[in-house]
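Please keep the view open while reading.

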Amino acid sequence: MIKNYFKIAWRNLLKNKGFTAINIIGLSLGIGCFIVIAMFVTDELSYDRYNEKADRIYRINSDILFGGTNLVMAVSADPMGETLKNDYPEVEQYTRLYASDGSKLIKKGLEHIDEKKVVHVDSTFFDVFTLPALFGNTKTALTEPNTVVITKSAAERYYGSPENAVGQMLETDDNGNTLYKVTAVVEDMPKNSHFTFDFFFSMANVNYDYGNYLSHNFHTYVVLKEGTDYKKFNKNFIDVIDKYILPQASQFMQISSMEEFEKSGNHVEYSLFPLTDIHLRSDRSIELNANSSIQYVYIFSAAALFILILACINFMNLTTARSSGRAKEVGIRKVLGTERKSLIWQFLTESTLISILALVIGLLFVWLSLDWFNGISGKEMLINSLFTPKYLVFILVLPFIIGALAGIYPAFFMSSFKPITVLKGKLSTGHKKNTLRNFLVVFQFATSIILIVGTVVIYKQLQHIQTAKIGFDKDQVLVVNNSGIPTETRQSLKNEIEQFPEIESASFAGFLPVSGSSRSDTTFSTETVMTTSNAFNMQYWRVDYDYLKTLGMELVDGRNFSPSFGSDSTAMIINETAAKLAGFDNPIGKKLYTADGDESQLVYTIIGVVKNFNYESLRQNVGALSFRLGNNSWETAYRFNTTNVAGLVDKIQSKYNAAVPGMPFEYQFMDESFDSMYRQERRVGKVALTFALLAIIIACLGLFGLATYIAEQRTKEIGIRKVLGASVANIIKMLSTDFVKLVLLAFIIATPIAWWFMNKWLQDFAFKIDLSWWIFAATGIIALLVALFTLSFQAIKAALSNPTKSLRTE
């Protein structure tokens with residue numbers, strides 16, 4: 001029987017090649033899109049789960065609101081992990097990562113390589129995270145200073161093969177020239193990790209003022225014992241603050257209790273955060289890598305599911321549109337004794353067969369589009385992964401699920417035809433009303449409109465970011481890395497290059513207003529005795545005399561640093577936010593106080609106020625910031641005025657190569673660094689645009705199917721109207737009016753939904769566009785024009801048909 005179902009189904013599909021092709025194309029697009037997003041979502045949800053203790057590993061987060069500055073950090077104080085392990089038996093182990101160095105120059109022969117994936121870790125790192133050792137013993141590998149564990153790929157780059165690496169010496173630029181002994185080689189870190197490093201150096205080599213609970217520079221992770229509730233454990237941080245942090249804080253300011261601290265509007269909180277949630281649910285400052293967002297996983301999943309549903313709806317509409325062509329077949333089968341359930345199985349077989357064919361083409365679509373999708377999503381997904389057990393079962397079951405979902409309504413619809421009615425040619429009375437099909441069309445176009453609005457809003461926000469006044473001039477600024485270059489050589493290079501005619505100005509710029517650059521913050525007070533009411537936290541950047549000029553920053557009050565003023569060694573320039581936090585209406589000449597490392601007090605005199613500029617993402621408000629004169633020469637910024645940028649870069653590189661042969665020449669353009677902060681939004685915009693196009697294509701196929709169905713049902717009516725004198729325009733208007741109403745209804749439904757979703761998305765930005773009415777109006781007009789264009793084919797065909805052919809049976 002089943003073989004007979006498939007044989008009849010195959011014949012029917014071949015008999016209606018155009019109808020079959022449209023159905024398969026629509027479903028294959030929906031299936032292909034659904035599979036790609038399923039791969040993306042699976043990959044996103046798999047982050048950090050390779051660790052054997054993943055469900056028991058937590059990072060210590062810090063949330064500090066002090067003096068109007070809100071610090072939401074992924075780091076904590078260096079003693080925090082050890083304190084928890086010593087004081088609370090629920091903590092099984094802890095480890096710290098110190099990545100503040102950013103990179104290291106590692107010598108390979110006569111060449112120096114600037115390695116970015118470097119970190120200092122505790123010897124317990126490999127007890128917490130799962131990285132299998134290929135050679136050496138990771139349990140003891142980092143117990144001594146001047147030791148390093150490297151990954152397999154790093155060992156191959158430097159020593160040819162992993163087995164040759166253990167025992168070798170690795171020369172770095174630490175403290176001029178530090179040698180590290182390679183004590184172990186581990187497997188490469190999985191791509192689905194919220195941090196990826198190739199070199200794990202001993203924590204004993206970090207030159208740091210240990211034991212300070214007030215300085216937060218370490219990513220600290222703890223492993224809780226089985227059965228420990230981390231949310232309940234978080235309550236212990238209250239005691240930790242009272243016992244360890246408050247006594248240290250009282251050495252620098254007058255504070256007797258945390259109640260007093262909080263009454264001044266301040267707040268300190270530490271909490272454990274699950275390792276497996278970091279990639280999708282953490283967007284804090286000082287993250288080890290740029291994380292993704294669970295919001296985008298939800299959006300992509302919903303969009304992919306809706307596109308698959310649209311494809312199924314498209315199939316329903318096209319199938320019912322062809323129902324009149326099979327009405328007599330159904331009538332004859334019923335007269336000959338075929339039961340309704342047999343007809344249902346027959347039609348479900350046809351839909352399943354189409355789904356299987358669509359799956360094959362959909363997989364081809366996945367293969368062709370995967371590289372493109374990897375490019376915009378930053379993934380490295382492979383088509384081979386679809387043939388692993390976890391995907392294979394899903395793929396084999398998918399066409400049967402889709403076949404049932406897409407075919408169930410047409411099967412019951414066509415099997416319900418009354419034999420006598422359809423054999424008399426009166427199909428219009430042989431089926432139920434078309435309310436469901438109208439609803440499906442409204443659903444399709446409402447979904448399409450929502451996706452189009454989302455795409456437009458994302459691109460408008462990105463455009464706003466590109467053109468917004470951010471308080472500095474990011475264009476035509478070249479930033480050169482000076483790592484490994486002696487300080488005297490850095491200065492001479494800057495002086496020489498500054499004389500190039502293409503260079504307007506140059507500045508040492510270790511602190512830059514883009515993500516990934518150095519940051520330093522400290523606490524200041526407006527009075528000599530620091531209290532909770534007069535203290536505030538702000539960024540504390542060391543700059544030179546030409547920094548403001550080179551980066552195009554604007555002074556709104558006072559003056560810039562100048563060699564003419566010897567007192568500028570204790571001078572400070574603050575931004576408008578800092579002036580407001582300090583309560584200074586006229587800040588010039590006012591004093592700010594801070595504690596030095598040896599507990600002595602530093603006093604700064606404010607000489608200028610710089611206009612607020614966005615030194616972090618536009619998702620955040622501008623925080624308090626200060627400049628003082630100091631050394632920050634690990635990068636040099638050059639403002640240039642030439643269109644021959646490649647030629648200028650070559651000239652600068654030749655100078656560097658001559659001064660420091662063997663050192664890598666690395667540079668970046670500030671505008672590109674700024675743009676990279678919004679890479680995720682651009683990726684989302686491209687994916688959203690693709691979804692919108694697929695949705696509108698599939699919706700139009702469904703609309704075409706419904707138009708075909710209606711035209712077939714009204715064939716005789718159209719013939720009579722033409723005989724009675726109706727024009728072609730009248731017929732087109734008659735057939736289009738109902739569909740236009742459906743599209744308008746879809747627009748009315750979609751508009752508030754789209755507004756809610758995009759308004760929620762825009763809340764992540766401190767500086768954002770307004771949701772203008774024209775975005776929704778333009779989207780509605782586009783949807784209406786696309787619908788009319790789709791309808792025009794079938795409407796014109798019906799209007800131009802010969803009425804004698806439609807009426808000759810009467």
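1. A salt bridge here is a side-chain nitrogen of Lys or Arg within 4 Å of a carboxyl oxygen of Asp or Glu. K651 forms one with E502, with the closest N and O atoms 3.2 Å apart. K651 lies in helix α19 (residues 645-659) and E502 in the loop between α16 (487-497) and β16 (503-508), so the pair ties together parts that are 149 residues apart in sequence. Helices (H or I, at least four residues) and strands (E, at least two) are DSSP runs, numbered from the N terminus.

2. The model is predicted: local features need pLDDT of at least 70, side-chain atom pairs count only at pLDDT 80 or more, and totals for chains, interfaces and linings use all residues. Residues are numbered from 1 along each chain as its sequence is written, and side-chain values use heavy atoms, leaving out hydrogens and water.

3. Buried means under 20% relative accessible area, exposed over 50%, and partly exposed in between (1.4 Å probe, protein chains only). K651 has 31% relative accessibility, so it counts as partly exposed. E502, at 16%, counts as buried.

4. The structure holds 21 salt bridges. One of them joins the side chains of E44 and K379 (2.3 Å, N to O). E44 lies in helix α2 (residues 17-45) and K379 in the loop between α12 (340-377) and α13 (389-415), so this pair ties together parts that are 335 residues apart in sequence. Both E44 and K379 are buried.
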